[in-house]
Amino acid sequence: MHGRPLAPFDPSRRRFVQGLAVAGVGLAAGVVRAGQADASMPAMAALQGPAFQLAVREAAVDFTGKARTAVTVNGGVPGPTLRWREGDDVRIAITNQLDTVTSIHWHGLIVPANQDGVPGLSFDGIPARTAFTYRFPAKQAGTYWYHAHSRFQEQSGLYGAIVIEPASGERYPADREHVILISDWSDEDPERVYAKLRTRSDIYNYGQPTLAGFLRDAREKGFHDAVAMRRMWNQMRMNPTDLADVSGATYTYLVNGRAPAGNWTGEFKPGERVRLRLINGSSNSIFDLRIPGLRMQVVAADGQDVVPVDVDELRLSAAETYDVIVTPTDDRAYTVFAQSIDRSGYARATLAPRAGMQADVPALDPRPRLAMRDMMGSMAGDSSDGDMVMAHHASTEYGPNTDMHVDMPRTNLDDPGVGLRDRTHRVLTYADLHTVGGSLDTREPSRTIELHLTGNMERFAWGFDGQKYSEAKPIHFRSGERLRVTLVNDTMMNHPIHLHGMWSELEQPHGGFQVRKHTVNVQPAQQVSYAVTADNLGRWAFHCHMLYHMEAGMFREVVVS
Amino acid sequence: MKRVYLALMLWPLGAAAQDMSQMQGMDHGAMDHSAMHGQAAAQPAQAASPPATAPAQDVHAGHDMSGMDGMGAMKMGPMQGGKAPADARNPDYSDGIMPAAMHGMAMHDMDDTAASSMLLIDKLEAFAGQGGHGQSWEAEGWYGNDTNKLWLRTEGEREGRRPQDGDVEALWSHAIATFWDTQLGVRSDFGEGPKRQWAAFGVQGLAPYWFELEATAYVGQGGRTAGRVRAEYELRFTQRLILQPELEVNAYGKADPQRALRSGIASVEGGLRLRYEFARAFAPYVGVAWEHLTGGTADLASEQGRRVTDRRWVAGVRLWF
């Protein structure tokens, strides 16, 4: 183990962050530890379609040495991987064994509105102790996932992977494949996490600017520069280390339900092409993933095949999925290393020819600091930030729930984002992604809906255009129209924005199709646009996939009629 | 010494005043931006090409957008706060469609207006001063959502097991700007002398440079008036070792001899407390605090043979629930 303990004077942190070597997921019989259950308990069962029986129930889990109760699917965290074939008519019978309402949303799948699984929009939810059967055709292939859309059940464990095999075979075949589902677990009740954030939004940030850090800066950059650097942030009451609301201070990061010390391992034979289906199934975390010693060929983004691109590292924002192919030739183990964006912890898995092998785990990188372009957008004269554009702020953006306005957002898609900009190896950016076959609808969008992602860190209030969900009217997409959604991020955090029911076809800064996605990460002070074809009637959720941002109001209802 | 205190006190107030004026819509955009661009140039990683003296102007040229057709007329607002410009976009894309909740569908069970609550016992301490020893406390708590909260605060001290002086306030706190809330409510004084009741109104918020500020005016029976200003700062040595300077000034509009007060600024209190956060919710501290009676109230105290100035060593714990 080469993980760095985060806080001095607190030796228990190491174990907490890395989890237990014997972490395990409880089955109905009680807490089962992986140490005794390795042979009998695969980390994640896989169910083959088209008909599935899933039970949502509470079960005991132990990721950190403390027994906790999770909301599980068929007793596991994550739930079983659901595998079906493109073209299947899928039937999923859910029994809700909880005492509260539950729901499952099929993330990234284009389904009829009443099968989408969002209580209050799609249906009434699945009440306690009742059953519900989802029915929809699997019209697409690729890597997706499912999760609860009820309060914080997703944070409590209700999520799992979906793999849909293409009817005509994979475009980029591999010899074997593994699902790598990364998630975040807290021993704290998520309701408590949310309440704490609303009381003091920086409560999980143990990387705040300090006098010690200032003296270090002054030594390295000179006193004057160090003062100038602090001055602006402090004047604005903003924090340049505001990268993740919830951090490794409470999270343990999991791969397929295993804490780092539990070391989930996927096997390969040297020389094989191995497809990794990378899923960020976390509630509130962004990960930077690399496999030291292996190049990754990215072949799909959000389930959609892309023109292959070779990278050494990629950022997985919440809810995004990427398929990568790796070809390990040596008879050795490789570490899949996914550190959180604030470097407060990591998820880790191993690829190895045989179980039990492991490779070095890299040290966490130093915590990055937000740069000027993350606050101001386009820096004058810096053409690498893209074309000069002016944002159009909404009249509702001047109230107590908005803490800043970005007038000149940057538009470039080739920025890997804070913490990845100074890498010497190749890091994936949205500018590298080109969906095979191009756009599904080549009509030029007939109108633009501009929305701003807004927030007030001090109040932990989030919204679109300064309005919370409860204050805002629905957004109307006219049936059949092709329209453009332009998002401007007026905050200093990344927001993965997810539109249900329809694809988001990301456009290049100058227009023109870039990549088809279900979740578009918008960087701080960035403007992105995507085209949408409003061809799926009904009421849809449209929200930030940071669970606590969504709950705090960064959510809208989209009506296609 | 007093001058230093006043300067310390007025600095954050000045900052707050500037911030409040922005809040009221005065356009400080130019000021904000120039401050920022100075910084932009100073950050070596970002300072791609502009020479050290020119960048503020360069950037402003960019902001003016004078070179861009059709955009030159667009007015830039301040980066924080301010009022919506006349050409602000309408956020309504509904075409008159009502939300699902209006169609009998159960409301999506998110809760962006849910109430939450907090209790912070900022000080719970023992003190040993030149004028005696005892205990003192300061606490605040609230219940509510982002916009409206019921806010409770109390502070006071006791010596020799008797409450010496204390008050409790109950306020309706209402968000009016990004970093500011107005407060409206009541205050009740207890301890030595007769009890006093006040109506209270004021503001509370976060001034630039992270100063926590509280300024409250009080109106009591018999034409009494009072004011209290409190400023607090947190200086982090490390993630867990934090120095908390604070300053409080109390003033009265009218003499209240039964509570040993004369009109004018009555007391100035300062403190420096060094805490170690074992957890956010539990931080023991040690520190030093000063209390000065001033003006007529100090004269009165001298006449009565009481101390005008007291320096105290304090030790206590900060708790958060």
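1. Contacts in chain B. Of the contacts (heavy atoms within 4.5 Å) in chain B between residues at least 6 apart in sequence, 49% join residues at least 24 apart. The model is predicted: local features need pLDDT of at least 70 and side-chain atom pairs pLDDT 80 or more, whereas totals for chains, interfaces and linings use all residues. Residues are numbered from 1 along each chain as its sequence is written, chains are lettered from A in the order in which they are written, and side-chain values use heavy atoms, with hydrogens and water left out.

2. Make-up of chain B. Four helices and 13 strands are assigned in chain B; these are DSSP runs (helices H or I, at least four residues; strands E, at least two), numbered from the N terminus. Chain B has 321 residues, and 46% of them count as buried, that is, under 20% relative accessible area with a 1.4 Å probe, protein chains only. Its accessible surface is about 15200 Å², with 62% belonging to carbon and sulfur atoms; the areas come from the Shrake-Rupley method with a 1.4 Å probe.

3. Six-stranded sheet in chain A. The order E23-E22-E25-E30-E27-E28 (chain A) describes an open sheet of six strands with mixed pairing; two strands pair if DSSP finds at least two bridges between them. Strands E23 (461-464) and E28 (513-517) of chain A are at the edges with a single partner strand each, so one side of each is left without a neighbour in the sheet. From one strand to the next the twist averages 25 degrees, taken between axes that are lines fitted to C-alpha atoms, with angles running from 0 to 180 degrees between N-to-C directions.

4. Strand E22 (residues 448-456) of chain A is antiparallel to E23(A), with four bridges. A:Leu453 lies opposite A:Phe464 of E23(A).

5. Strand E20 of chain A. Because seven of the seven residues of E20 (residues 334-340) of chain A are buried, the strand is largely enclosed by the rest of the structure. In a regular strand the side chains alternate between the two faces of the sheet. In E20(A), A:Tyr334, A:Val336, A:Ala338 and A:Ser340 point one way, while A:Thr335, A:Phe337 and A:Gln339 point the other way, and all are buried.

6. Partners of E20(A). Strand E15 (residues 287-290) of chain A pairs with E20(A) in the antiparallel sense over four bridges, and A:Leu289 stands opposite A:Ala338. E20(A) also pairs with strand E21 (residues 346-352) of chain A, antiparallel over six bridges, where A:Val336 has A:Ala349 as its bridge partner.

7. Hairpin. Five residues separate E20(A) and E21(A), which form a hairpin. In the turn, A:Arg343 has a positive phi of about 60 degrees.

Note on methods:
Buried means under 20% relative accessible area, exposed over 50%, partly exposed in between (1.4 Å probe, protein chains only).
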